[in-house]
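Biologist: I am new to this structure. Please pick one part of it, look at it closely, and then say what surrounds it.

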Amino acid sequence: MRVAIASFEYEGNSLSLRIDRREDFERKGFPKGADVLEFASGKRTALAGGIGILQEANCDLAPILACKGGAGGHVDETFFQETLSEILDGISAQMPLDGVYLALHGAMICGVEKDPEGAILQGVRKIVGPKVPIAASLDLHAHVTDRMAANADIIVGYETYPHVDAFETGQKAARLLVGALRGEIAPVTRIRKYNAILPVLGGATLDGAPMAEVAAAARRFEEDGKALSVSYFPVQPWLDMADVGITGLAVTDGNPEAADTIAQNILDEMWDRRRDFELEAMTADEAVQAALRSDAKTTLLVDAPDSIGGGAAGDAPALLSAILKLAPDTPSAVCIYDPAAARQAFELGEGGEAEFRIGAWLDDRWHQPVSVTARVESLHDGSFTYSGGPAANLTTTLGPSAVLRVGGLRILCVSHAIYEHTDEHYAACGINVSECRLISFKNLMNFRKLLSEDVDFIAIHGPGGTPLRLEDVAWENRTRPFWPADDEAAPKPI
Ligand SMILES: [Zn+2]
């Protein structure tokens with residue numbers, strides 16, 4: 001059984017100004033051919049999970065490339081087209097094939113191509129023909145299109161948020177692919193969608209959260225033998241496209257009608273709970289004041305509108321400004337994407353003091369830089385290895401990074417806005433969460449991994465590339481009406 005494998009993962013955001021190019025992907029590793037297997041070895045990515053299962057089944061693997069970009073605004077169109085061609089040319093060169101496994105995110109944006117993953121899957125289908133099974137794994141925030149569903153036999157989404165099951169999702173997709181290759185199953189995939197998007201902050205699949213109930217319903221269909229796999233996609237919400245919406249998906253054994261029914265059922269499970277996804281949030285000033293009143297030893301201040309994992313720039317100084325104003329002597333830390341401030345600190349050297357203008361380095365639509373006189377406390381190369389999550393065991397870098405000191409506040413200025421998993425980025429630069437009364441995070445979910453009896457969190461709202469209030473965004477391309485922007489009693493299928 002000869003199986004081609006590739007990964008091309010990226011989460012786009014229409015509100016973000018970030019553009020990711022070849023060098024941004026290469027910085028995270030971009031192996032080709034046989035090097036893909038070595039690169040994936042020991043990792044906990046979806047691709048690594050898929051490879052393990054295919055190897056156990058004695059498949060003859062034809063690795064094409066592995067490319068994992070994290071989240072941002074959009075992928076440079078030329079780079080997308082070059083990588084698409086590389087995948088398709090690689091698959092053509094490996095023909096005849098018995099199967100294909102692709103690890104994708106599902107919410108990529110590039111310039112001209114409006115459905116990048118649909119283009120990848122359709123391109124592969126054209127080469128391998130209708131009879132060769134194609135399996136794809138996706139992030140839970142995928143924007144699943146009809147073209148994607150029509151060109152894949154098997155689509156499997158992450159089950160968890162925070163994402164802790166990328167590896168297992170790759171395994172699940174590959175197991176179904178092996179079953180299809182052996183002729184044991186005939187998988188068919190169907191999707192159902194509503195014209196609705198849900199806030200990410202309330203989208204955890206942890207116990208007691210609304211998505212946990214959706215997940216449980218999906219697992220019951222699998223355990224009862226009614227479906228091979230059931231997935232739910234609350235969708236990356238900051239995609240300004242007409243056909244974006246929450247999606248239910250089912251893979252059944254040769255039964256498209258049942259797949260349709262189950263996909264609809266899961267979609268309704270999400271729709272019925274839509275109002276439960278809203279969580280309380282405060283302004284940055286209110287959050288700092290509330291944290292100072294709190295009994296928690298450490299409060300994580302979650303800068304939701306500037307979430308790097310959702311594609312925002314990571315350069316908003318809202319919490320920096322609030323802490324300087326309201327808690328200047330409190331032991332605290334903020335991390336901010338500002339390559340110019342980092343460079344200035346390196347030029348000064350450790351111990352140097354100067355006035356810095358920090359923040360709004362890439363995206364000045366929401367905030368102005370903050371001027372502050374600070375001392376350079378320490379300088380770092382910013383490398384670290386993810387301890388878990390969808391990038392587990394991958395090494396990345398914040399680039400040249402500087403810790404600046406003002407009163408009780410340490411300001412970590414980094415040269416690359418990097419997906420935050422837990423506190424690895426702070427630890428890489430000598431900042432210990434437990435020594436901070438207040439500390440900022442620029443992600444919407446992974447901060448939960450740090451919560452404990454002593455550690456609480458407060459989310460802030462406000463303008464930014466990943467705003468919480470989806471109804472306030474000036475959407476230009478979304479089909480109206482949609483929930484939550486329009487007061488719709490009935491869901492609208494799309
Ligand atoms: Zn996600």
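Modeller: A pocket here is an open set of grid points, on a 1 Å grid over the protein atoms alone, with protein on both sides within 12 Å along at least five of seven lines; a residue lines a pocket if one of its atoms is within 4 Å of a point. The model is predicted. The part I take is the second largest pocket, which holds about 220 Å³ of space. Its lining consists of Leu-17, Arg-18, Ile-19, Asp-20, Asp-24, Arg-27, Tyr-337, Trp-361, Leu-362, Ser-415, His-416 and Ala-417. Sorted by class, six of these residues are nonpolar, two are polar and four are charged.

To place this pocket, the domains are needed. The domain assignment divides the protein into domain 1, residues 2-277, and domain 2, residues 284-467. By these bounds, Leu-17, Arg-18, Ile-19, Asp-20, Asp-24 and Arg-27 belong to domain 1, while Tyr-337, Trp-361, Leu-362, Ser-415, His-416 and Ala-417 belong to domain 2. The second largest pocket lies between the two domains because both contribute residues to its lining.

The surroundings are the interface itself. Over C-alpha atoms, the centres of domain 1 and domain 2 are 31 Å apart. About 2400 Å² is buried between domain 1 and domain 2, and carbon and sulfur atoms account for 63% of it. Zero salt bridges are counted between domain 1 and domain 2, but eight residue pairs are in polar contact across their interface.

The largest pocket has about 310 Å³ of space. It is lined by 17 residues, of which Leu-15, Pro-467, Asp-472, Val-473 and Ala-474 come closest to its centre. Its lining counts eight nonpolar, five polar and four charged residues. Domain 1 and domain 2 both supply lining residues here as well, so the largest pocket also lies between them.

Six cavities of 30 Å³ or more are found. The largest cavity contains about 540 Å³ of space. Among the 37 residues lining the largest cavity, those closest to its centre are Gly-70, Ala-71, Gly-309, Pro-390 and Tyr-419. Of these, Gly-70 and Ala-71 fall within domain 1, and Gly-309, Pro-390 and Tyr-419 within domain 2.

Methods
Residues numbered from 1 in each chain as written. Predicted model: local features only at pLDDT ≥ 70, side-chain atom pairs only at ≥ 80, totals over all residues. Heavy atoms only, no water. Domains from an automatic or database assignment. Buried area = accessible area lost by both parts, 1.4 Å probe. Salt bridge = Lys/Arg side-chain N within 4 Å of Asp/Glu carboxyl O. Polar contact = N/O pair within 3.5 Å; in protein donor to acceptor, adjacent residues only side chain to side chain. 1 Å grid on protein atoms, 1.4 Å probe; cavity = no way out; pocket = protein on both sides within 12 Å on 5 of 7 lines; lining within 4 Å. Points joined across faces, edges and corners; volume = space filled by probe spheres on them. Nonpolar A, V, L, I, M, F, W, Y, C, P; charged D, E, K, R; others polar.
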